[in-house]
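Please have the sequence to hand as you read.

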Amino acid sequence: MTRTTVPPVACLGEPRLTAGFAEYGRLDRDAHDDVHGPLDPMEADQLLRLVEEITLKGKGGAGFPFARKLRAVLESCERQDLPAVVVVNATEGEPASWKDKVLLTRAPHLILDGAALAAYALDADEIVIGVADDGIGAQSLTDALTERRMPAPTSVVTVPHRFISGEGGALVQGINGLPHIPPGQKRRSSDSGVHGLPTLLSNAETYAQLAVAARLGPYAYAEVGTADEPGTVLLTVTGAAARPAVVECATGTPLRDILDLCEAPDGPGVLTGGYHGRWITAEAADRAEVSRAGLSAVGGALGAGILIPLGADTCPLGEAAQVVRYLAGESAGQCGPCRMGLPDLARAVDLAVAGSAAPDIVRAAAGMVKGRGACSHPDGTARFAVSALEVFADDLVRHATGEGCGRRVRGVLGLPGGPDPTPRTLTVDWSRCDGHGLCAHVVPEFIRLDGNGFPAFPPTPVPTWLQDGARKAVKVCPELALRLQS
């Protein structure tokens, strides 16, 4: 599955978000109205009551209650006497996720319906929809906007297709004309978001679910799913699955049913929730249910609705190490946990997988970044890395011998080509190196000195935001021993 090919769609049970896909493919306005029917606007108190009754939570990964966001924006508008802005996050920076792109390309009016409901209830001044610059979905969304009237001026903003560009604060920064990275300090968009106004920010699927719930009402909406998490959910199933797809199912559906539908092979484990999610064993996958509570009960996470099963011939630790390197390179590099902590974590994972260090080095590196970043990126990366060590502990023992597990790294986790189209690595000509140590002083985030005073660094590409430092390290090497090469 390439980055320009939207995967097939499947459904277990009666479709809601994916209703009409089989008949129409993409639903234009006429097809949308035929499938879903009319939608009346709602006042703020009505909308609040609806989302509270269905316990609607964000579908972008964090699972934050939508009612709390909506109430916070309402209170902020009243307190500051300012108008609101509604923002739809359809950037989907997670490389392994496709569910929002399916909605953009095939059901854009459901997303617009939800945004319109929120904008009407808030009497918002503006609606902004953020999409990635990968060319998937933007035209479909623009076409849909020409087919209807929205309750407030609506614009589509493109952002770089990077992992951190999908973070809420990064999207607000980009809309405001600033770099598309998370702000250097945590702040609530409900207080000050787009143009400094109170901003309701949520994921594309969340707004689509809102549109479905407004039509059905709370009781009919809760006829499927679990009591605590009613309704359906979209899942992206990729990895070693023979039939990768975006699947709609009711919450509470056995995870095994989803994996069987997509013909996932028996393997050592499944990544749940995406790159900021958690691994679970094959045994746990057999007894898990698709919901936040159900996956959490077996050590997994629903996260951004991503399931990546591994095949029996794949090295899970090698796959995980690739992702940790990618996440270290995808950070904004603007605070200590990202700039220094994540490269340290990537180095630690590489050493543990190579059998050159004990697993404790990974846990120590992960502990140094938890809870200290300006956004959730360090926490999510640490969670992913530690989860891999715990779930694949037996493989780690085999790697500790230096011989490895005997399986190949096949790149099945959906990684793109990498944050840098021309990745560069550092090498040392040991016949020249005299251990001056200047290079480690120039770029300490990547180069360390070993016990004998010689440079040590992971055999991984230098993160893009450290390449200038690496070039300087090469230039200051008095023996011309250090090299930066493609």
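Two strands pair if DSSP finds at least two bridges between them. Helices (H or I, at least four residues) and strands (E, at least two) are DSSP runs, numbered from the N terminus. This is a predicted model, in which local features need pLDDT of at least 70, side-chain atom pairs count only at pLDDT 80 or more, and totals for chains, interfaces and linings use all residues. Residues are numbered from 1 along each chain as its sequence is written, and side-chain values use heavy atoms, leaving out hydrogens and water.

**The sheet**

- Four strands form an open sheet with parallel pairing, in the order β4-β3-β2-β5.
- At its edges lie β4 (154-159) and β5 (199-203), each of which pairs on one side only.
- Neighbouring strands are turned by 20° against each other on average, direction ignored.
- Strands β2 (residues 85-90) and β3 (residues 126-132) run parallel and are joined by 6 bridges.
- Ala90 stands opposite Val131 in β3.

**The helix pair**

- Helix α14 (residues 316-330) and helix α15 (residues 336-353) have axes that come within 9 Å and cross at roughly 165°; axes are lines fitted to C-alpha atoms, for helices over the stretch in contact, and angles run from 0 to 180 degrees between N-to-C directions.
- α14 and α15 are therefore roughly antiparallel (an angle over 145 degrees) to each other.
- In the contact (heavy atoms within 4.5 Å), residues of α14 including Leu317, Ala321, Val324 and Arg325 meet residues of α15, among them Leu342, Leu345, Val349 and Asp350.
- The contact residues divide into 11 nonpolar (Ala, Val, Leu, Ile, Met, Phe, Trp, Tyr, Cys and Pro), 1 polar (the others, Gly among them) and 2 charged (Asp, Glu, Lys and Arg).

Methods: Angles under 35 degrees count as roughly parallel, over 145 as roughly antiparallel, 65 to 115 as roughly perpendicular and the rest as oblique.
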